[in-house]
Amino acid sequence: MTRELAISVTGLTKIFGDRKVVDGFDMEVAKGTIYGFLGPNGSGKTTTIRMMCGLLTPDGGEGQCLGLDIIRDSREIKKRVGYMTQKFSLYEDLTIAENLDFVARMFGMKNRKAIVAEAVRDLGLEGRAGQLAGTLSGGWKQRLALAACMIHNPDLLLLDEPTAGVDPKARRDFWDEIRRLAAKGVTVLVSTHYMDEAVQCDHIAYIAYGKKLIDGAANAIPGQIGLSTFVVTGPELTALEDRLEAEGAAGQVIRFGAELHVSGTDRAALVALAERERARGSHEWTEKRAGLEEAFIYLMAGAKDNFGAEVAG
Ligand SMILES: Nc1ncnc2c1ncn2[C@@H]1O[C@H](COP(=O)(O)OP(=O)(O)OP(=O)(O)O)[C@@H](O)[C@H]1O
């Protein structure tokens, strides 16, 4: 089956001053994918996403986005992109309808009245169109912001840590909505530091120091890192966690409810550790396939903030 590509770029490079903040990225994003960009602060995620969508001109490289050239056709691409930042970009002292109308006007849409009325209805906010956006709860503000950036029916949606600061129920609802959009063919690029956002992505790129270190289907990422995991159950897990960490014999020890997940890239060392620990007779050690949760924590733990490589380096 040939998959339709929303984005295909090669050699994408950006230099700010004497820093190469994005260094020769090749990337392909299939239409309707939720594609997550992970990496420490300043690693180049936002710069990459902006170049891939024609929002920023690269210093090197080329490619297409939505069938258009990212350099030559950037104006056309922009019209087909929705961008939702962490700050939601709403006007708190405008009403719900006025916020939607403002965005529709920005995109030069005709028939704005009907479009805004439909968006309000889809949101389930009929009868509340005249309410000030600033009076909405965090979850509703987020839904309104999403509706606003989808008002011109973009084919590509950019999300920057979209669920920061909203409650768990609102987060779930938000991701359900994003999945619905993806199923309709909208391609979604997400830049995030949060595990619960990363696990919503179908595909992940991990970026550090302007280099793309890992790129793959979300369920293939633990394998790409070469991560092995043991699940440990039994009494007094906190004490065991402290001891394992103090001994430093395991790569990573994480508490997941009533389990410890002990992970590392040296499987032989982990197997030996599990055998030694089983011999004590206090806890059960069971090997499992490492998941994206373990992989995410592993990657982010190794990552320090980074702000671009020296051009000469
Ligand atoms: N317009 C600009 N001019 C100069 N430097 C910039 C500009 N935009 C970004 N940078 C620098 O480029 C590097 C990469 O920034 P970018 O915003 O892409 O990182 P990021 O991975 O998205 O980080 P964060 O997670 O903090 O948003 C940083 O060193 C940043 O300071």
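Predicted model: local features only at pLDDT ≥ 70, side-chain atom pairs only at ≥ 80, totals over all residues.

Start with strand β3 (residues 34–38) and strand β8 (residues 187–192), which pair in the parallel sense over five bridges. Two strands pair if DSSP finds at least two bridges between them.

Residues are numbered from 1 along each chain as its sequence is written.

Now zoom out to the sheet. It is an open one of six strands with mixed pairing, in the order β6-β7-β8-β3-β9-β10. β6 (81–84) and β10 (211–217) stand at the edges with a single partner strand each, so one side of each has no neighbour in the sheet. On average, neighbouring strands are turned by 15 degrees against each other, direction ignored.

Next, the helices on the sheet. Helix α1 (residues 45–52) lies across β3, β7 (156–160), β8 and β9 (203–208), and runs at about 160 degrees to β8. Helix α5 also packs on the sheet, touching β6 and β7, and its direction makes about 160 degrees with that of β6. These angles run from 0 to 180 degrees between N-to-C directions, with axes as lines fitted to C-alpha atoms, for helices over the stretch in contact.

Arg 171, Phe 174 and Ile 178 of α6 are buried. They cover an arc of only 65 degrees around the axis, which puts them on the same side of α6; the arc is that of the directions from the helix axis to the C-beta atoms. Buried means 20 or more other C-beta atoms within 10 Å of a residue's own, exposed means 12 or fewer, and partly exposed is in between, with C-beta atoms placed from the backbone. The cover over the buried residues of α6 includes β3, α5, β8 and α7 (195–198). Turned away from that buried side is a face with the exposed residues Lys 169, Asp 176, Arg 180 and Ala 183. Just after α6, Gly 185 takes a positive phi of about 105 degrees.

What about the core? The largest nonpolar core has 66 residues, and those with the most contacts inside it are Leu 100, Leu 158, Val 188 and Ala 295. Such a core is a set of buried Ala, Val, Leu, Ile, Met, Phe, Trp, Tyr and Cys residues joined through C-beta atoms within 7 Å. Its largest share, six residues, comes from α5 (residues 138–149). A second, separate core of ten residues includes Val 253, Leu 260, Val 262 and Leu 273.

Finally, the chain as a whole: it has eleven helices and 15 strands, and 39% of its 313 residues count as buried.

Terms used
Helix = DSSP H or I, 4+ residues; strand = E, 2+ residues; numbered from the N terminus. Contact = placed C-beta atoms within 7 Å.
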